[in-house]
Amino acid sequence: MKSNFLNIFTLITIITFTSCGDKAKEAETKKAAEAAVAEAMSVTYNVNTDDSTIEWKGFKPTGTHNGTINIKEGIINVNDGVIESGKFAIDMTSITVLDIPVEKEGNAKLVGHLSSADFFDVEKYPVSKFQITGIETKDGKTMLSGNLTLKDATNNISIPVTTTVNGDKLTLTSETFTIDRSKWNVEYGSKSFFDNLGDKFINDDIELKVTLTANKA
């Protein structure tokens, strides 16, 4: 019996640490920085909103939820094949949930909750923003930095991205990364704000992956 107990305990420990290791690395987060400025020789690309999206994933003790958010509009300025500046707007009214069938009551319920004042308060803050502040190569990766505005807070984040410029088309894809929602005043179910949640908390980490395509203006 003791041997069986130890085996079960070991399995639970392995699963726990494996799950923690699977979560994407948190983006380096700092105070808002000055936005990058395009030079006169830069080329402007308009974001193609039909082919651009943000994937999200949230965590809680009993599982995860995931979905998408649409890009509303945006421009990216490129100089000699390298992104120089730009910005894009995020349509917070477009939040979708993919892990619950759309015909199920739980889908609309979760979308409604995420859109409410408990989370992103979409009625008051229908648009979030990302404005590029710089780009550099670090440890062999291209790191894109920008001011991310959610609700009434703005922080600067640095995320690893892959960019390709092919003729009139630009593609930017980030690695999956996390942000700490508490830094943007998204308080619901967060241990950063409440002490008496027990196992009813929701992790502060939100995984994100950005995919943008843009066409030369």
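Me: How many residues does the protein chain have, and what share of them count as buried?
Reply: The protein chain has 217 residues, and 39% of them count as buried. Keep in mind that this is a predicted model.

Me: Which secondary-structure elements are there, and in what pattern do they follow along the sequence?
Reply: Start with the totals. The chain holds two helices and eleven strands. Read along the sequence, the pattern is α-β-β-β-β-β-α-β-β-β-β-β-β.

Me: What share of the contacts comes from residues 24 or more positions apart?
Reply: Take the contacts with a separation of 6 or more. Of these, 63% are between residues 24 or more positions apart.

Me: How do I read aromatic pairs?
Reply: A pair of aromatic rings is described by the distance of the centres and the angle of the planes. The structure holds two such pairs. Phe88 and Phe130 make a stacked one, at 5.3 Å centre to centre with 25° between the planes.

Me: Why does the pair of Phe88 and Phe130 tie together separate parts of the sequence?
Reply: Look at the strands. Phe88 belongs to strand E5 (residues 82–97) and Phe130 to strand E6 (residues 127–138), so the pair links parts that are 42 residues apart in sequence.

Me: Are Phe88 and Phe130 buried or exposed?
Reply: Buried means a relative accessible area under 20%. Phe88 has 10%, so Phe88 is buried. Phe130 has 5%, so Phe130 is buried as well.

Me: What about Phe119 and Phe120: which kind of pair do they form?
Reply: A tilted one. The centres of Phe119 and Phe120 are 6.4 Å apart, and the planes make 40°. Phe119 is buried, with a relative accessible area of 7%. Phe120 is buried too, at 14%.

Me: Which side chain does the side chain of Asn147 join through a polar contact?
Reply: That of Asn156, at 3.0 Å. Leave aside neighbours within four places in sequence, and the contacts of Asn147 include Ala32, Ala33, Phe130, Thr154 and Asn156. Phe130 is a residue of the stacked pair.

Me: Now a helix residue. Where is the place of Ser115?
Reply: Ser115 is in helix H2 (residues 105–115). Ser115 is partly exposed, with a relative accessible area of 21%. The side chain of Ser115 reaches the backbone oxygen of Val111 at 2.8 Å.

Me: Which residues does Ser115 touch, not counting those up to four places away in sequence?
Reply: Ile95, Phe120, Asp121, Val122 and Glu123. Phe120 is a member of the tilted pair. For spacing, compare sequence with space: Ser115 and Thr93 are 22 residues apart along the chain, and their C-alpha atoms are separated by 7.3 Å.

Me: And a loop residue? Where is the place of Asp51?
Reply: Asp51 sits in the loop between strand E2 (43–47) and strand E3 (53–60). Asp51 is partly exposed, at a relative accessible area of 46%.

Me: With which residues is Asp51 in contact, leaving aside its neighbours within four places in sequence?
Reply: Thr211 and Thr213. Asp51 and Thr211 are 160 residues apart in sequence, yet 8.0 Å apart in space, C-alpha to C-alpha.

Me: How do I read a pocket? What space lies in the largest pocket?
Reply: Take the volume, then the lining, then its classes. The largest pocket has about 760 Å³ of space. Its lining counts 44 residues, with Trp56, Gly58, Leu114, Phe119 and Ile206 nearest the centre. E3 gives the largest share of the lining, five residues.

Me: How does the lining of the largest pocket divide by class?
Reply: There are 30 nonpolar, nine polar and five charged residues.

Me: What volume does the second largest pocket have?
Reply: About 420 Å³. Of its 19 lining residues, Lys25, Glu28, Met143, Ser158 and Pro160 are the closest to the centre. Strand E1 (28–31), E6, E7 and strand E8 (153–166) each give two or more residues to this lining. The largest share, four residues, comes from E6. By class, the lining of the second largest pocket has five nonpolar, five polar and nine charged residues.

Terms used: Residues are numbered from 1 along each chain as its sequence is written. This is a predicted model: local features need pLDDT of at least 70, side-chain atom pairs count only at pLDDT 80 or more; totals for chains, interfaces and linings use all residues. Side-chain values use heavy atoms; hydrogens and water are left out. Rings of Phe, Tyr and Trp (its six-membered ring) pair if their centres lie within 6.5 Å; planes under 30 degrees apart count as stacked, over 60 as edge-to-face and the rest as tilted. Buried means under 20% relative accessible area, exposed over 50%, partly exposed in between (1.4 Å probe, protein chains only). Contact means heavy atoms within 4.5 Å. A polar contact is a pair of N or O atoms within 3.5 Å; within protein, one must be able to donate a hydrogen and the other to accept it, and residues adjacent in sequence count only if both atoms are side-chain atoms. On a 1 Å grid over the protein atoms alone, a cavity is a set of points where a 1.4 Å probe fits but cannot get out, and a pocket is an open set with protein on both sides within 12 Å along at least five of seven lines; lining residues have an atom within 4 Å of a point. Grid points are joined across faces, edges and corners, and a volume is the space filled by probe spheres set on the points. Ala, Val, Leu, Ile, Met, Phe, Trp, Tyr, Cys and Pro count as nonpolar, Asp, Glu, Lys and Arg as charged, and the others, Gly among them, as polar.
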